[in-house]
Structures are given as C-alpha cells and as structure tokens.
Amino acid sequence: MSAWRLRVKLRSATGLLVSTRPTQRHTSPYGPLTLCRSLSTGSHLRNEFFKDLEAQLAAFRKKAADALPGSSWSPLQINPNLPPERADIVIVGGGVLGWSIAYWLKQKEMVRGGVRVLVVEKDPTYSQASTVLSAGGIRQQFSLLENIHLSLASADFMRNINEHLGVLNEDPVDLQFNQSGYLFLASEEVAHIMEENYSTQRYAGAKVSLLSPTQLKQKFPWLNTDGVVLASYGLENEGWFDPWTLLNAFRRKAISMGVIQCCGEVTDFKYTTDVLRTASGDTVDLKRIGSVKVQMPNSLEYQPVECAIVVNAAGAFSGKLTEMLGIGSGPKDSIAGIPLPVEPRKRYVYVVHCPDGPGLDSPFLIDYSGVYFRREGLGGNYIAGVSPEEAEEPDTSNLEVDYQFFEEKVWPCLAHRVPAFEKLKVTSAWAGFYDYNTFDQNGIIGIHPLINNMYLATGFSGHGLQHSPAVGRAVAELILDGNFKTIDLSNFSFRRILTQEPMLEINIV
Amino acid sequence: MSAPLTSLHRCCQRSALLLHVARQRWSSSSASPPPLHTRLLLFLTQRFYDVEMLLSWRSQLMRNQLQKKNAYYGYTQRFYGLDLASAYFILSLKGGFRFAGQSEWFYADQKGKFSWDFLNHKDTLLEEVDMSYTVINYRGLCNLEGQRSLRTLKLRGCPEVDDWLLARLHVFQDSLEDLDISHCPRITTGGLAALRNLKGLKRLDVSSLPGILSPGLVIILLEEMLPQCQITATGYDYSLNDAQGEEEEEHMQRQR
C-alpha cells in the first residue's frame, strides 16, 4: 500500500520536483538489505506525512480540473461495451461464417472505411457455437458442383491463408492442417452413386481417386474391406484443421481492418412494412429492418443499432432470429407461412484411445453406414461419431453426451471396419449443434424474399466450417457487388424452399 | 521498510535521469535540431497508418516477385513441349536436372547463367531434379507436373516448400523413389502425413525440419507408414528433457 503511494507520488513528482535528495548509502557487514534502517519513528512519520501531502494535493488538483468545464469527465457512467448507435451492416452471429463475411466485406470495400460492419455475438466463450465444436474436416467429395467449388475455393484460401489473413507484426496463422484426405467406403447398393459423384468431382477439378477393395487392402492394411465394393479417396486439398485458429484468424484480421465487435444478443428488430397486393388480391407484407435491438449479456441494458443490412449468420439459432420478424407465422399457404427451415441438431463426437490403431496415414474415414473416424494427434487418439437416424434425434436443449449411443451405434461398426478398434477406450466426448437445414441439408444463401435487407447465410448442416471462406466471399459479393462474381450460388437461394425444389446431396451416407 | 526506501532511491535516480534527458532535449532543441535519423523516427511515429501501408506494400511486392518466379510457363510449354518447359523452369529458378537416359546434369550457376544445350534434347523426360535452396512453391510445382517418370526430387533447404506442396507430390506417386525435404522450415507433421501416397518411395530425407515438434515419434510413424522406404533423419536432438539431464549430470559429478 505504501509502495503504491510512493509510486503515485513519484509520478506526480517528476513534474513538480526540482531537485532530488539521494538517500544516504550505509555500508553494513550484513548486506544491503539492512541499510537505511533508522531506529526512531519520528522522522519516518514526518516523511510519510509529507509524501501523503504531495499525493493529496495532486489528487485535489486533478479533481478540480475535472470539475471545471472543458474536461471530459462526467458523472454518468456509459457502458463501454455497447455497440455503436449506427452501423451499415450488422452481422448477427460471431462464428466462423459471421467473421468470414465481416472480413470479406472489409476486403472488398472500395474505399477505406467504406462500410461500417458490426458483428454481434451473444456468447464470447463460444460454449455452444458450432464452429469450435466441429471435427474440422474439409473435403471436396460432394455431389453438387457448387459444394465442390466452394470446398476447392476454401482450400485455396487456406493454402494462402497468411497472404489473406496475415496481420503486420503478428504471428503467422498456423491452421495445423493435416493433409490426410477423406476415404469414403461404398457398399454394392451405392457404388453407382459413388461413381457418378467421382466423375462430377473430377470434372470440377477435385483430385479424387477411386480404389478397388484389393487396392484398399494394399494401401491400408489395417482396414477390413468386408462389404466394400468401391472406395473414393481424396488425394489433395482434403484433411482436417483447427477451427478455433481459423475463427481467430478471421476475427483478428477483421478487427485490424476496422470491424466492430459487440458481445450481446439480438432480441428484437424495428422494421417498416410495405403492404403489396398480388394480382389475385392477396396481400404480401414486405418488411424492411430499420434497427436491431442488441441486449447486453445478463442485463436489461440494450442499444438499438440503426442499420442498412442485416446478415443472419447465427448458425443453429438462425430460425429464432427470423421468427422475431414474423417469418413462419403467416397463413399456411402463403410465403409468410414458410419458416426458415434451420434448426439445431445435436451431434456427438467421441474421443477414443487405441494404441494399435491406424498410423500417420489414416484418412478421415466415412463408412457407408454413416460411421466416421479420424486420427487426432500422434498419440493413438481418434475422433469418431455417427449421424443418428431421423427418428432418434437427441434432445437439443443441452449439450450433454450420451455414451450409450457410442456403445450401441458407433462401436460395433467401427470395430467391424477396423479390427484394431475392438480394443479401444473412450477418453472423452463432446456434443455440438449442426445448423441443420431440415429441407435439404444444404446452405441457404441470399436475401429473404419478404425481408428486403436480411441476407441469410446459414443452414449448412455440418459443412459450414469447410465452406466458410468461400461463402463469406460470396455473401460479400452479393452485398457489395449485387450479384455472385466468383462462384454462382444462386441455386442455394431461399427460392428453392418456396418452390419446394430441394437441392439434395446425393451422397452415399 | 528498507525495501521501499531502496525502490524509492531507484525511482529517484530514474526520475532524475528522465528530467536530465528531458532538459537536455528541450535545451538542445532550442540550440540545434536533433540529428536527421532521430527527426525521421519522430516523423514516422506520428504516421502509423502510412508506415503500416508501406510495410504491407513491401511484403506484397516480395510475394508478387515470388509468384512471378513460380508462374506457369504456358508459352514455353506451347512452343517447346512439356519437358523443355519444365527444364527451362528449373534452370530459371537456379536448380539442376538430369534427363532420362543421359548422365550429365544441367545446372544454372549462382548468377543464373546456364547453357542452352538442353534445348537439343527435345521430348526427353526428366529423371532427376535438384531444386535445393530455390524458391519453388506450390504454384511452381505445376510446371513439373507433367514429368511422370521423375525418380529423384531434391528440395533441400527450400524456404517456400510447405505442406501443400508435399500434398501435391501425389502426381509423382508411381515413379518417385528418392525425396529430400530436409532443412525446409515450413514443413509440419500434417504435411508429412501427405507422403502417404508415395508408396514407391525408397529413400526419404527428413533431417533438421524445424517445424516438427516431436521428431522421434514422427519419424517412427513415418517408418510405419512407408515400410519399404529408408528414412534419413539426422539433425534432431533426441535427448531427454531437462530434469532427467540434470540428474544424470549430478550422478556423474558424484562419481568423479
């Protein structure tokens, strides 16, 4: 306490002191710690009093200066964490997609400071965010051309990540990308689908190869090829990486370019409604969002942010956001009656330890039964899981893990496919939400037809992370250029939900 | 009680020094301007964003130069064929190569000069390529992609060789027998996993890779992954950690 007062005194003293009085140095046989020890308390107390006096006078002077007009002190404390009152674009959701869109918006703006972007994230610990709970894989083995192009573009981005997301004087970004490839195994019924997908993937430029069971056995001697008729193996640009690093790289670069970050929850919108009449006499309400109400965490304090454009990148919670605008609560046979078909779905990921398992060359293996596993680190740990059946979807109110599910659904298939996994131990597990698109399990990108200035970028059902750089660029092109420029994702617009034309991935799982 | 006094003494000395310096500065500014480099530094500290812009331009320029060096030699391919284009690319980057069926190596010297004799061997595939200490990167490898009978590839000490280039080496999976990626600073364990495709590899040199964190374990896993391959991995410190090392030292001292 006295040391603090001494330091305060000295800081103010540098301006006031004219001469310093050096203390006397007594040499003593017992070392320097015992010098300057005086036996009388009188002089010490007097010194203390004068030191205190200096400090008190300085504080008094400071308070007087603050009280006079012209100083910036005010008795009203303003919460410094509130978002700004006005922003051009508000991105709801601070996951990898939200920050990717923020980065690309700043990257593509024509003038410095051209767009004022605000990213609102309700949970800065990311405890329930899908991004950080994902397995982190990237693959090009899709059946839709758009998905393959998105994956290729994202892999391209990650290859040159330091060129894109490198900040001056900061450490380079290290995604810890494991170039291990994906391996899909097909049984006899689905082998033809795999062949078709293979030709689409090759046409799009993905480096994939087909393997027969004998070649599989040669390449991966630890694999049991029982029931496998064909396998599809990614040679390049496939593997897994650390999603937290990618998220932080996007965030760091976006903040360095001037994106404003806010920790809060969007609880309401203020919008204006234009009522239009169709030819047959029905009314259509076209809404335009005027401002977003951002509520501070654990508090009733809120800030209405006036904005021009709102981007819905809230992931698993995007459905709730559109409900606030009345989407889905209109009459059943109208456009307003169709809700955003995105809901959270819980998926379990189990970490297992098997010392005799596959080695460094083990790919991200996905069996035709839906069970997947991949290597994690170098110590014989693996990550495994499976997508549950539609009828057995677990409860999404929490992120508790059901270990019984592993015993019943995951382990038998794993042990059948890789005999070494018969002796494994589950060391830990976690659960995360998919932003599951109940309509066709592919992303929804584009403006909502009834809300003039809300852009959707959600519903990726497990592929959001691997497509995030390319989708971020696409949404930024939509907003700033008006149309897609690099990859045409018009097939992923909300229109397909209105016309009930699903863009299904014809995959083997 | 004496400790705060000693700290007070030190603080007094420091404040005296500060005052002294400040007095000197103000006195010297009235007498003569500070030297040019000090004035320049003070000028730059006032202009942070300009300095940031200049530095980012500089790094962008260096990156552009690198990409230009590694560009796709499309015209050369069209006029001279795949093999001569690859050969020309290698020589422009100051590497060396040997044609299949020939025994002499074509090298470019330190200044980048090379003889044009290689033009005489049209449509001969390259068998051995030595790109050690060159700036080849992922983009540049596309110039070598057509060489399906490449047997030896030396990428020793290349600063731009990273995991993605290793992943691209799958195009040589049928023919590559000898690969040298020692001393490359950007390669990490994830890239070494990409060597799984090179099943025909007979000799692999992964010495002194600073990017690998647990070299002993990684080398063992590599040996398991490529059973027919002879792996050279020198330049790593496989010693035990510090506590055990100190115990050993004490033991030896006591013995003496």
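Colleague: Which strands of chain A does helix H6 lie across, and at about what angle does H6 run to S5(A)?

Modeller: In this predicted model, helices (H or I, at least four residues) and strands (E, at least two) are DSSP runs, numbered from the N terminus. Helix H6, residues 191-204 of chain A, lies across strand S4 (182-186), S5 and strand S6 (230-234). Axes are lines fitted to C-alpha atoms, for helices over the stretch in contact (heavy atoms within 4.5 Å), and angles run from 0 to 180 degrees between N-to-C directions. On that scale, H6 runs to S5(A) at about 155°.

Colleague: How should I read the numbering, and what does the model leave out or count?

Modeller: Residues are numbered from 1 along each chain as its sequence is written, while chains are lettered from A and ligands numbered from 1 in the order in which they are written.

Colleague: What is the order of the eight strands in the open sheet of chain A, and which are the edge strands?

Modeller: Two strands pair if DSSP finds at least two bridges between them. The pairing in this sheet is mixed, and the order is S5-S6-S4-S14-S15-S16-S13-S17. Neighbouring strands are turned by 20° against each other on average, direction ignored. Each edge strand pairs on one side only, and the two are S5 (208-211) and S17 (425-437).

Colleague: Which residue of S15(A) stands opposite Ile366(A)?

Modeller: Strand S14 (residues 364-366) and strand S15 (residues 372-376) of chain A run antiparallel and are joined by two bridges. The residue in S15(A) opposite Ile366(A) is Tyr372(A).

Colleague: What angle does the direction of helix H10 make with that of S13(A)?

Modeller: Helix H10 (residues 403-417) of chain A packs on the sheet, where H10 touches S4, S13 (342-353), S14, S15, S16 (381-385) and S17. The angle between its direction and that of S13(A) is about 60°.

Colleague: How many residues does the hairpin between S18(A) and S19(A) use?

Modeller: Strand S18 (residues 444-447) and strand S19 (residues 454-458) of chain A pair in the antiparallel sense over four bridges. Within this pair, Ile444(A) stands opposite Thr458(A), and Ile445(A) stands opposite Ala457(A). The hairpin joins the two strands through six residues.

Colleague: Which helices do the buried residues of H8(A) pack against?

Modeller: Helix H8 (residues 243-256) of chain A has 14 residues and reaches 20 Å from its first C-alpha to its last, close to the 20 Å expected, a span taken as 1.5 Å times one less than its number of residues. Buried means under 20% relative accessible area, exposed over 50% and partly exposed in between (1.4 Å probe, protein chains only), and the buried residues of H8(A) include Leu246(A), Leu247(A) and Phe250(A). Their partners are helices H3 (96-108), H4 (145-159), H5 (161-165) and H11 (464-481) of chain A.

Colleague: What average pLDDT does chain B have?

Modeller: The pLDDT is the predictor's confidence in each residue, from 0 to 100. In chain B, 82% of the residues score at least 70, and the average is 85.

Note on methods: Predicted model: local features only at pLDDT ≥ 70, side-chain atom pairs only at ≥ 80, totals over all residues. Heavy atoms only, no water.
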